[in-house]
Amino acid sequence: MDIETRLRKVFTEALDLGDDVDVAALTYRGIDAWDSVGHMSLVAAIEDEFDIELETDQVIDLSSFEVARKMVAELAGA
């Protein structure tokens with residue numbers, strides 16, 4: 001499974017989203033589920049799935065699916 005597919009799954013599960021949600025269009029606080037608590041759950045799920053550790057600045061900068069995809073690709077060496 002490629003990074004983007006895995007990351008979509010992480011977003012869907014961590015934020016408890018339905019299959020009808022366009023994950024690629026998500027932004028922080030753009031939906032009720034992605035509030036500060038959801039953000040930390042999402043960060044933990046990303047770190048677990050990809051066996052990476054986000055720095056504090058990266059956690060703060062994680063503002064959309066696209067930003068997350070780029071971060072993960074860089075950190076996971078893809």
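1. A salt bridge here is a side-chain nitrogen of Lys or Arg within 4 Å of a carboxyl oxygen of Asp or Glu. Glutamate 66 and arginine 69 form such a pair, and their closest N and O atoms are 2.5 Å apart. Please read this with one caveat: the model is predicted.

2. Where do glutamate 66 and arginine 69 sit? Both are in helix 4, which spans residues 65–75. They are three residues apart, about one turn of the helix. Glutamate 66 is partly exposed, at 32% relative accessibility. Arginine 69 is also partly exposed, with a relative accessible area of 24%.

3. How many salt bridges does a search of the whole structure find? The count is four. In general, side chains of opposite charge can pair when their charged atoms come close.

4. Glutamate 4 pairs with arginine 8 in a salt bridge, 2.9 Å from N to O. Both residues belong to helix 1 (residues 3–14). Because they are four residues apart in that helix, about one helical turn separates them. Glutamate 4 has a relative accessible area of 31% and is partly exposed. Arginine 8 is partly exposed too, at 29%.

5. Lysine 9 and glutamate 13 make another salt bridge, at 3.3 Å from N to O. This pair also lies in helix 1, with four residues of separation, about one turn of the helix. How exposed is glutamate 13? Its relative accessible area is 53%, so glutamate 13 counts as exposed. The cut-off for exposed is over 50%. Lysine 9, at 45% relative accessibility, is partly exposed.

6. Now the buried side of helix 4. Phe65, Ala68, Met71, Val72 and Ala73 are buried there. What do these buried residues pack against? Their partners are helix 1, helix 2 and helix 3 (56–61). After helix 4 comes glycine 77, with a positive phi near 75 degrees.

7. The limit for buried is under 20%. Which residues does methionine 71 contact, leaving aside neighbours within four places in sequence? They are Leu54, Gln58, Asp61 and Leu62. Leucine 15 gives a distance for orientation: methionine 71 is 56 residues from leucine 15 in sequence and 19 Å from it in space, C-alpha to C-alpha.

8. Histidine 39 lies in helix 2 (residues 36–50). Is histidine 39 buried or exposed? It is buried, with a relative accessible area of 7%. Not counting residues up to four places away in sequence, histidine 39 touches Tyr28, Trp34, Val59 and Leu62. A polar atom of the histidine 39 side chain lies 2.8 Å from the backbone oxygen of valine 59.

Technical notes
Residues numbered from 1 in each chain as written. Predicted model: local features only at pLDDT ≥ 70, side-chain atom pairs only at ≥ 80, totals over all residues. Heavy atoms only, no water. Helix = DSSP H or I, 4+ residues; strand = E, 2+ residues; numbered from the N terminus. Buried < 20%, exposed > 50% of the residue type's maximum accessible area, 1.4 Å probe, protein only. Contact = heavy atoms within 4.5 Å. Polar contact = N/O pair within 3.5 Å; in protein donor to acceptor, adjacent residues only side chain to side chain.
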